[in-house]
Amino acid sequence: MFSKWNMSMQGLYVLLSICYFGVSGGFLNMCGYIIPESPVVLSTGSNFTAFCILHDDCSYYAEQVIWKTKTTVVPKEQYSIINRTVSSVTFNDTSMLVSPLTCNILVPGGLVQNIYGIQIQLGFPPEKPTNLSCVVIQTQVTIFIQRCSWEPGRDTLLSTNYFLKYRWPTKVYPDCIPQDSNNSCTISDVVFFVTLEMWVEAKNELGIAESDHIEFDPITYVKPLSPHKLSVNSGEFPRILRLSWENRFNEAQQLLKYKIQYKILNRNDWNEIPPEDTASPRTSFTLQELRPNTAYQIRLCCAVSLSKYWSDWNEVIGFTAEDRPSKGPVLWRNIKTSYSTGNWTLGLLWKELTPSEANGVILKYEVSISGRPPLSFPTRYYTLNTTQLILNVQNGTYYVSVTAFNKVGKSPTSVLLIPATNSKAPVKNIVAFPEGGKLWVNWTAPKESVSKYIIEWQETCNNLSCPTEWQQEPGSKQRTFLKGTVKPYKCYIITVYPLYIGGQGEGESTQAYLQQDVPATGPTVRTKKLGKFEAILEWEPLSVEEQNGFIKNYTISYRTVNGDERVVAVDPSKTEYLLSSLLSNTLYVVHMTAYTESGGTAGPQFTFSTNRFEDGEIEAIVVPICIAFLLVTLLGVLVCFSKRDVIKKHIWPNVPDPSKSVIAQWSPQTPAKHFNSKEEIYPEGSFTDVSVVEIEAEDKKSLSDQDLKPFELLRKEKSASEGHSSGIGGSSCMSSPRQSVSDSDEGEPAQNTSSTVQYSTVIPSGYRDQIPSVQVFARSESTQPLLDSEERPEDQQMLGNDHSVPKQRYFKQNSSLDDTATDFEKAKQISPVSEEDTTRLPASQMGGSGPETDEQGKDLISAFFPNLMEQAGQLENNTDMVTNEEMPKSYLPQTVRQGGYMPQ
C-alpha cells in the first residue's frame, strides 16, 4: 500500500514523463497516450496488457514505439502492433513489473523520446478475517465496553479498509471502524441479555473479503473488576488467616466465583484454594493450616459464573501469630584436648531454629550438662542467648541438653551424649563431589543402627583459623549436600560422624572442591644441588589458597639458552626432582607448571649453570698433587739432611782453623812457642818462600797401587777438611776471589774450583834450614771472608815496607799425584802475589810447632807413603837447584816457620 507522499511523487513523475511534439499557437500538443490510465492497480502475479495510441497528426508510427519499465527496455517479443498508430505490450507475470511503464519513440539521430507513461501499483486482494472474538470489560461499577479483535490475514500492500458489523433480528447497528489498527475495534454501547450477530468485512481495490458470522451474548463474556478493600486478620490462632473483601459487579441475577492463592512471602510456589470451596457468593474466606509467625502473600480474583474471563488479581500480605517452637536446636560439640593435663576444652554448639521451627522470636536457651560415672561432675545449668558454650572439663562421658524459649513457650529438649572415646563403628567409603552447583557427600552406613549423622566441613587454609560448619542428617540417609556456605575454588575437608543412642563413631574425612580452576600461580623452582651433568631442583608446594583445585601433576620445562625445550612430568607429592643428562658448564632456563583438571599455570623462570667439574673431581686432582708435592718436599728434606755436609760445602763451606791443623806437625823443627807471641811472628822482618815436597814421577805406572793408596787417603782427608774451612784466604778488602793457576790445569771441574779453599804456607825461613833465594808471598784462593783475627792493621804495617819482595808464585795445593808430573812444566808462568793479598794470622790462631810436630809429620808421611820418604830426601838436596822457571807442578805444603800459617 502506497502512502499519500508516494502517490504524489509518482504522479509528478508521470507528468514529467509526457513529451510534447511541436508548438502551435503557443500550446504543446501531446503525440499519444496509454490505456489504461494511471494509476493502475494490479494483483501481483497476474497478466497485464497496455496500449500506446498515437495521434493521427503525429509523424511517427507504431513500429517506432519502444516500451520501458522505469529505465529498462521491454523485449520486442512482448510487443504487438495493432495498427499504424497503436502498439501494445503484454506482461504474463506482473510480480517482476517495475513502475512506471512508459511509451517512447525513437527519433532521428538515435534519441529516445518519451511520449506517455503510467504509474502501476502491485498488491493483493484482502484475505478472509478469522478468529473474531469479543469481551465485555467492566471499567467502572456501571460502565462496560465491548472490545472485539480478529486476524486480518496477510498484508495486501494496498490500502485496505476493515469494518466490524453486528446486528440482532430487529435492529442493525452502525459499523465499528478501527481507528489505530486493522485487527480490533471497541464498542462503547453494550446491551446485555440479547444475542448479537457479528462479522468483519475487509475491502480494497482488488476485492472484498468477509469473516464468518458469530453469535455473541455479552453477559457470558464479561470481565468484571477485581474485589477491593482486602484485609487479613490472624487473631489469636497461630495457624489461620481470615481474608475479607468487597465486590464491584452488581448486575442482577449474576453470581460470582473466586480464586484465592497464597504463599510464604519471598517464595515462588503458590498454593490455591480448591474452586469448589469458593464457588458460592461471599465476601470473606479463612485460610487454615498455616505456619505460625510467618508472613503470607495472598491474592484474590473473581468472574461471572457463566463467563470464562477472570478479573485482575488483587493482593494483600498477612502474618500468622506466634506459637511455641516445634523443634529443639540441633546440638553438636567440639573437643580440644590439652596435651599437658589431658583435660578437654569442650565447645557446645547448637544451630538457630529456622522460622518454621522457632514459630516466633527465640528469647533464650537453657543448657544443662552432667557427668557420667566415674566422673564426679554435678549437673550445671546455663541460660544463654547465644548458640555456643565453652567449658574446661575433665576427659570423660557427659550428657548435654538444650531447650529454646520464645514468648509462647519452650521447644522440645535436644540431648547429646559425649563419650570419653569414640568407640562405635565409623562410616565407610565417604566420597564428596560437585553436582548441580552443590557439593554432595555419599557414605556407606555402619552395620549398627544409627540415630543421626553429623556432617562437619571446614575450608582448608594455612593459618588453621577457618570456621567450621556442620549440619545434622537423619540416620536413614546416606547422601546429602552441604547446606551452608560453600565457595568455588576452595578446598573443603568434610567429616561424617555417626551418632548412636549409646555413643558415637569416629569421624571419617575427605576433601573436595565445589568448582576447580587453574592454579593462581605456578611453583617457584630453585636448585638444591648442582653437579656437572645433573641438577637437583626443589620447590615449595603451592599453598591451599593458590591451588584452586587438586594438583594432578607438575611439569618441569628446561632448555639451554638457544636449545630446544624439554618437558618432564613430576608426581604432585614430590618437592624435588633430579634433572640428568645435562651439559657441563652450561646455562639452563627452567620453569614449573602446576596442573589441575581445569588447566595449568606456569611459575617464574629460573636460570642455573651446571658445574665445570664434578663433585670431588677437583679434590681428586689437587689432593694427589699436594700429596706428591709433600712427598717430594719430604724426600728433598731427607736428601738434604743426608747430604747436609755436601750441601754445606757447596753453599757455605767451612774455613779450616789453622791452629787445629795436623799439618803443623809435619815440621818438627818449628817450635810451638813461635806461635805464642805476636811480636815473634816475623823476627827477621821478611817472608821466605813456601817450602814444598816434590815428588818426581816420570810415569804413573812407576807407582804401585799400594803406593798410591796413601795419597788417595790424604787427598780425601784434605777435601773433607776443605769443606770445613772458614775462608781465611779471602781478600781482606772484599776483593773478588781470583782463580788459582791450578784451577785451569788438567780440566779440573769448575764446581770444585769455586768451593775449594786454597791455602799456601808463608814461612820466614827456608824449609829445614834451607834458605830460599827469593821471598814469595802465597795467598789462599778461598771465597770465604776472613775471620776477625785474620786481618790486622799492625800486620799490614809490618808488610807494608817489603816492597822489594818479589811476587812470583802461586802454588797448587789440592793436586793429585797425576798432576804432579805436569805441574813442573807449567811453573814458569806463576804470577806474583800482591802485597794486599798477604794474610797474616795472630799468634793465638797458630797451631803448635817444634820438633815434636816435625817428627809427627814424618811419622804420618811414613805411614801413608812408605816410599815417599826416600824421594823427599832427594827432593831436599835438589831444592837449591830449582829456579823460578823450573817450579815443580806437584807439591805438598809444609809447616809454618816463624809466624806463617798452614792449612788443615
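**Rings, strands and charges**

Mentor: Start with Y588: at 5% relative accessibility, Y588 counts as buried. Buried means under 20% relative accessible area, exposed over 50%, and partly exposed in between, with a 1.4 Å probe and protein chains only.

Trainee: Before we go on, what kind of model is this?

Mentor: This is a predicted model, where local features need pLDDT of at least 70, side-chain atom pairs count only at pLDDT 80 or more, and totals for chains, interfaces and linings use all residues. Residues are numbered from 1 along each chain as its sequence is written, and side-chain values use heavy atoms, with hydrogens and water left out.

Trainee: And F608, buried or exposed?

Mentor: F608 counts as buried, at 4% relative accessibility.

Trainee: How many aromatic pairs are there?

Mentor: The count comes to 19 aromatic pairs. Rings of Phe, Tyr and Trp (its six-membered ring) pair if their centres lie within 6.5 Å. Planes under 30 degrees apart count as stacked, over 60 as edge-to-face, and the rest as tilted.

Trainee: So what kind of pair do W539 and Y554 make?

Mentor: Their ring centres are 5.9 Å apart and their planes sit at 70°, so W539 and Y554 are edge-to-face. W539 is in strand 45 (residues 535–539) and Y554 in strand 46 (residues 553–560), so the pair ties together parts 15 residues apart in sequence. Strands (E, at least two residues) and helices (H or I, at least four) are DSSP runs, numbered from the N terminus. W539 counts as buried at 2% relative accessibility, and Y554 counts as buried at 3%.

Trainee: Back to Y588 and F608. Which type is that pair?

Mentor: Stacked, because the centres of Y588 and F608 are 5.7 Å apart and the planes are at 15°.

Trainee: New topic. Which sheet has the order 36-37-40?

Mentor: An open sheet of 3 strands, with antiparallel pairing. Strand 36 (428–435) and strand 40 (479–481) are the edge strands, each pairing on one side only. Two strands pair if DSSP finds at least two bridges between them. Strand 37 (residues 438–444) is joined to strand 40 by 3 bridges.

Trainee: What stands opposite V441?

Mentor: T480, in strand 40.

Trainee: Last one. Which ring does K438 lie over?

Mentor: K438 lies over the face of F481, at 4.1 Å from the ring centre. The rule: NZ of Lys or CZ of Arg is within 6 Å of the ring centre and within 35 degrees of the ring normal.
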